Amino acid sequence: MMRIKIAWAILVGILICLLVSCASTPTAIHQKELQNIRKMAVVTFLTGEGAHISHYGGTTPNPYLSPFGPLGLLVGTAIQKAAMQLTLANYSDAMKSGLADFSPKSVLAEAFARLFAMPFETVSPLQVEKLGMARHVEKESGEGTRTKDYGVQANKLGIDTVLEVDFTYGLEIHGQTMAAAVVSADITVINVGDNVALLNKRISASTMAKTWHRVDEFMRHNLRLYKEEYSKACEAIVFLAALDLGINLGSTGKFYWQQENTDNALSEGVGK
């Protein structure tokens, strides 16, 4: 009897998992759906009010372990944690000051306008912003939930699809010395005709654009290095978004890693 109950529980669990997976938004877009796209608008949203500072531990040795043993490790960890929280607050203040006149949303929008070369017509985030239609309209459905409606944009821009890029950016710190500029985004592809999401996926530029520097290097010269690394991360977001749409933009030769390789090849050729 117990075995039968266990078997039924397992079966019910499997059915629930199948139902949830079927109801969830797809993480890959079908080629047939891609071929049906005639004109896509790219809309960017910045989540939060500014850069996020995150600390993920790292490889910096604990200075309290050797002289005081395991007890020193516990004490040292608490001391280091308090010190790191204070340091992170200082970094956050420095970034707010250095990025006061910096528009991360514009940099990402410019990257899409410059690099997002699709087989169908696209409306860049810069164009969407210029036309004052950067936000969708939310309306009440019969069930009381709010659904996105891009009908106004569809009529004025002649679009049939929207790519939403809801992103965050910041500084990832490891240990006490090393850091990297990071950008992550939730991308959603919506068929504006019936408001059906064809794709919903989280991507991170750190999977291909993550260069470590000392934290103090990022803080110098009005965060000049951070802004350069952030721009590179935005290019990676464009590349990854296109890749999830089934388009490999590697053949364009316009991305920063391709330009660097080209520049190196040219300089080597000149030197010969």
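**Close-up 1. Y230 and its ring partner Y169 in the predicted model.** Let's start with Y230, which is buried because its relative accessibility is 0%, under the 20% cut-off. Y169 is buried as well, with a relative accessible area of 7%. The ring centres of Y169 and Y230 sit 5.5 Å apart and the planes meet at 65 degrees, so this pair counts as edge-to-face. Y169 belongs to strand β6 (residues 161–174) and Y230 to helix α8 (residues 224–244), so the pair ties together parts that are 61 residues apart in sequence.

**Close-up 2. F218 and Y226, an aromatic pair within a cluster.** Here the pair is edge-to-face, with 6.0 Å from centre to centre and 70 degrees between the planes. F218 and Y226 are both buried.

**Close-up 3. S204 in strand β8.** Strand β8 covers residues 196–204 and includes S204. This serine is buried, at a relative accessible area of 18%. Its side chain makes a polar contact with the side chain of S206, at 2.7 Å. Beyond four places in sequence, S204 is in contact with V183, S184, I237 and L240.

Close-up 4. For the protein, the mean pLDDT is 77, and 68% of residues reach 70 or more.

Notes:
Residues numbered from 1 in each chain as written. Predicted model: local features only at pLDDT ≥ 70, side-chain atom pairs only at ≥ 80, totals over all residues. Heavy atoms only, no water. pLDDT = per-residue confidence, 0-100. Helix = DSSP H or I, 4+ residues; strand = E, 2+ residues; numbered from the N terminus. Buried < 20%, exposed > 50% of the residue type's maximum accessible area, 1.4 Å probe, protein only. Polar contact = N/O pair within 3.5 Å; in protein donor to acceptor, adjacent residues only side chain to side chain. Contact = heavy atoms within 4.5 Å. Phe/Tyr/Trp six-rings, centres within 6.5 Å; stacked < 30°, edge-to-face > 60°.
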